[in-house]
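Dear colleague,

I am handing over the structure that follows, and below it I set out what was found in it. Please read the notes with the coordinates open beside them.

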Amino acid sequence: MFRTGKYEVYLSTVTLEELKGCSEPKQSQLFDHLGLIDYTLIQIDDNIADIAQQIIEMGILTKKSYDDCQHIGAAIISECDCIISWNFKHIVNIKTIRGIRAITNLKGHKPIEILNPSVLLESEE
């Protein structure tokens, strides 16, 4: 679905840095997959850093999860419809979902869904 352009894909520079930290051959495989899709790269800027800091100040996540806060901030500032993540510990959980909903409402940002990748699966009816 990503290769056909069904979805617009956005990745933060934090994501690419995380991938560079993977060991081989996983790192090469992941970058090979990214090479097959079109995506927009989001540079971390002051607006994103401000949202990341708000996430920490509101107690949604801690400083130890700053990269996750930046991912979320990048998606909010880029006005993405949703965040798709396997990170159930920090991102795809009720506390984070409710907290991010509060931030977007309070700060006037577009609402954003936080979902796990299984929502992208389509039935073959």
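In these notes, buried means under 20% relative accessible area, exposed means over 50%, and partly exposed lies in between, with a 1.4 Å probe and protein chains only. This is a predicted model, in which local features need pLDDT of at least 70 and side-chain atom pairs count only at pLDDT 80 or more, whereas totals for chains, interfaces and linings use all residues. Residues are numbered from 1 along each chain as its sequence is written, and side-chain values use heavy atoms, with hydrogens and water left out.

Salt bridges

With a salt bridge taken as a side-chain nitrogen of Lys or Arg within 4 Å of a carboxyl oxygen of Asp or Glu, the count comes to two. One of them joins K110 and D81 at 2.5 Å, N to O. Because K110 lies in the loop between α5 and β4 and D81 in the loop between α4 and β3 (82–84), this pair ties together parts that are 29 residues apart in sequence. D81 is exposed at 55% relative accessibility, while K110, at 33%, is partly exposed. The other joins K20 and E17 at 3.3 Å, N to O, and both of these residues lie in helix α1 (residues 13–20), three residues apart, or about one turn of the helix. Helices (H or I, at least four residues) and strands (E, at least two) are DSSP runs, numbered from the N terminus.

Around Q27

The backbone oxygen of K20 is also reached by the side chain of Q27, at 2.6 Å, which is a polar contact (a pair of N or O atoms within 3.5 Å; within protein, one must be able to donate a hydrogen and the other to accept it, and residues adjacent in sequence count only if both atoms are side-chain atoms). Q27 sits in helix α2 (residues 26–34) and, at 19% relative accessibility, counts as buried.

Helix α5

The buried residues of α5 are T96, G99, I100, I103 and T104. They cover an arc of only 135 degrees around the axis, which puts them on the same side of α5; the arc is that of the directions from the helix axis to the C-beta atoms. The face turned away from this buried side carries the exposed residues I94, R98, N105 and L106. Just after α5, G108 takes a positive phi of about 75 degrees.
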